[in-house]
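Subject: Structure handover

Hello,

Here is the structure we spoke about, handed over for your own look. My notes on what was found in it follow below.

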Amino acid sequence: MSDTTAPGPQADTQKTVRRKPVSSSPDDLKTFAVLKRTATDYLLPNWRLVAASLIGSVVVAGTTGILPWLIQQVFDEVLDRKDITKLILIAVGTIGVSAFKGAAAYTTNITKNAIGQRIISAIQSRMFTRIMRADLAWISRTHSGRFISSFMNDAGRVRDTVTMSIIDFTQNSLTVVALMGSMFFMNWKLALLGCSVIPFGMIYMRKLGKKTRKASRQGLEGTGDLSAHISEALGGIRVVKAYNQEDREITRVSDKVQEVLRHSMRGFRAKAKASPLTESLSGVGIAGVIYFGGMAVIDAHLTKGELMAFISAMMLAYQPLKSVANTQTIMQEGVAAAARVFPILDVEPEIVSRPDAKPIDLKHGAIRFEDVNFAYADGTHALKGISIEVPRGHTVALVGPSGGGKSTTLNMVPRFYDPSSGRVVIDGQDIRDVTLSSLRQSISLVTQEPFLFDDTVRANIAYGRPDASDAEIEEAARNAAAHDFITALPRGYETRVGEAGMKLSGGQRQRIAIARAMLKNAPILLLDEATSALDTASELQVQTALSALMKGRTTLVIAHRLSTIKHANNIYVIDDGRVLESGDHASLVAQGGLYAELSRSQFERDVSDEDNAAPEAATAVKAAVARA
């Protein structure tokens, strides 16, 4: 895995799918490349709507181009000759042309918005799919708040690039072409005069576009940081209040809000400069046409109707021409957003099932680590030649100082990470040779901080088996010592647990997580310090539930409190990515090594805690033990 591992001597045995490098720098994404990709990925699948929108745009452009000719007819054919019949026909024709134009504009707007909503839906769905299927190593490098910002904000900017910079640009360009065609048809000299200012405007707009792109990129990055700050503040609100740091967090977020405001205003100012420029250039063009056209009428080289029609065509072309000019700045906002969205859409997971992978043939559930090495992307070596045996139905514990490599070792089993070298084997099968879904289906995981979804208790227990019956769910809850407290909740199993299960205590959340693992009924069980964050009373209740869960299962457990793994079949002491000692509790204590030292320090701390405990607290613990 290139993002998380270094090449090892067995690299040829662990081929993985490689993704193409994706630039995350907005300066590396060219405008044309962004437009080409968005058109290919999002317009082609909606080609019927795009065709309807383009047909509507052609009709709008064509009917707009007819209006100056009707105005000319009024002045040259009606007013001078006082032809009332033709006047009525022109009036009725104007109504018909305007109605036809309105219907076409309605169709274009409806289809354009339909395309836009489909685009943002497709981007958000693909982005979420990519994130869900991405490797943990890749996800961990980006704050979740920034993912949310890209999901909610950047996707909308990319949509605007398509709808405003492609569809609107097409419609406005066709309208300008139609009106300019009318102008050249009526008087090509005046048309050249009126169009002479356009190149100057386009050059200036290009410069404004670069400024807008830079400001938009900085604004989007600032919005991502803002989302991250807010997410952190809300997630750690208890810590914020406990340490009296509300003002500090308010200041952090306020500063980020002001930073986003500065970048946004810089972009707005760049876009706003387009308006006075187009106004001034249009004024110069119209003034030139009025002067030279007026002189041509005085000299009888041009009729009044032709001059009025020409000026009308110029005025009608003003708004779409202004929109075309502004497209460059709007487009650059989309390019800046695409620089944040496309890398997410392009990410390919490194840890995938091989093409020839087969479902795991699970007979015993025995796990074996064979000389496993692992290094993170920054070069940090987390595991150095780990060899561990977890026989069928046995409980094997991993202990050692924090940061020694215990969690990394456990994460190898469900293939959250792949070894740099060496291999992990279950029942004689290299886990990289079996399908990822069948591997993870055979494993249950209970972590130190169990995550519960903001849903009902029933839904959280049944998360791994949505089709489980009520009886199966309740049986799992009973086995996890959770049924009694669940039935005491306001709505029993239908009670919503709140965000991350915050309406429940730590011990209750943990027991629901254990019930979830029991319902899954997988033969392999991974416990990642499942009781270390609990008080003594809750730990006893959870430990009782865990004992029931571990019965008959192959269990690999990371233990923080050594008292919880005294009865493990085997214990491996891991430090600095290496196995230093192994054996049962008694033999490791007798060796007098690191395990004995850890055991002695924990024992002394536990005795000290007991001596300092208040009598009423001790009574409460004893009562909890009796209930457990």
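The model is a predicted one.

Helix H17 and the residue after it

I start with H17, which covers residues 506–520. Asn-521 follows H17. Its phi is positive, near 60 degrees, in a residue that is not glycine. Most residues other than glycine have a negative phi. Asn-521 counts as exposed because its relative accessible area is 52%, and the cut-off for exposed is over 50%.

Ala-481 is another non-glycine residue with a positive phi, of about 55 degrees. Ala-481 sits in the loop between helix H15 (470–479) and H16. With a relative accessible area of 34%, Ala-481 is partly exposed.

The four-stranded sheet

In what order do the four strands of the open sheet run? The order is S2-S1-S4-S5, with antiparallel pairing. S2 and strand S5 (429–430) are at the edges with a single partner strand each, so one side of each has no neighbour in the sheet.

S1 and S2 are paired in the antiparallel sense over six bridges, and Arg-368 stands opposite Glu-389 in S2. The two strands form a hairpin with five residues between them. In that turn, Gly-379 has a positive phi of about 95 degrees. S4 and S5 are also antiparallel, over two bridges. There, Ile-426 stands opposite Gln-429 in S5.

Salt bridges

How many salt bridges does a search of the whole structure find? The search finds 18. Side chains of opposite charge can pair when their charged atoms come close.

One of the salt bridges joins Glu-370 and Arg-423, at 2.7 Å from N to O. Glu-370 is in strand S1 (residues 367–375) and Arg-423 in strand S4 (residues 421–426), so the pair ties together parts 53 residues apart in sequence. Both residues count as partly exposed, Glu-370 at 23% relative accessibility and Arg-423 at 28%.

Lys-384 and Asp-576 meet in another, at 3.2 Å from N to O. This pair links distant parts of the chain, 192 residues apart: Lys-384 is in strand S2 (residues 381–390), and Asp-576 is in the loop between strand S9 (570–575) and strand S10 (578–583). Lys-384 is partly exposed, with a relative accessible area of 24%. Asp-576 is partly exposed too, at 43%.

A further salt bridge is formed by Arg-458 and Glu-494, whose closest N and O atoms are 2.6 Å apart. Arg-458 lies in helix H14 (residues 457–461) and Glu-494 in the loop between helix H16 (483–487) and H17, so this pair ties together parts 36 residues apart in sequence. Arg-458 counts as buried at 17% relative accessibility, whereas Glu-494 at 32% counts as partly exposed.

Arg-37, Asp-41 and Asp-346 are linked in a network of salt bridges.

The largest pocket

The largest pocket holds about 1800 Å³ of space. It is lined by 39 residues, of which Leu-136, Phe-416, Arg-440, Leu-445 and Tyr-463 are the closest to its centre. Which helices and strands each supply at least two residues of the lining? They are helix H3 (84–133), helix H4 (136–139), helix H13 (436–441), strand S6 (443–447) and H17. By class, the lining has 22 nonpolar, eight polar and nine charged residues.

A contact across the sequence

Last, Gly-403 is in the loop between strand S3 (395–399) and helix H12 (406–412). Gly-403 counts as exposed, at 81% relative accessibility. In sequence, Gly-403 and Ile-574 are 171 residues apart, and their C-alpha atoms are 9.5 Å apart in space.

Regards

How values were computed:
Residues numbered from 1 in each chain as written. Predicted model: local features only at pLDDT ≥ 70, side-chain atom pairs only at ≥ 80, totals over all residues. Heavy atoms only, no water. Expected span 1.5 Å × (residues − 1). Salt bridge = Lys/Arg side-chain N within 4 Å of Asp/Glu carboxyl O. Buried < 20%, exposed > 50% of the residue type's maximum accessible area, 1.4 Å probe, protein only. 1 Å grid on protein atoms, 1.4 Å probe; cavity = no way out; pocket = protein on both sides within 12 Å on 5 of 7 lines; lining within 4 Å. Points joined across faces, edges and corners; volume = space filled by probe spheres on them. Nonpolar A, V, L, I, M, F, W, Y, C, P; charged D, E, K, R; others polar. Pairing = 2+ DSSP bridges.
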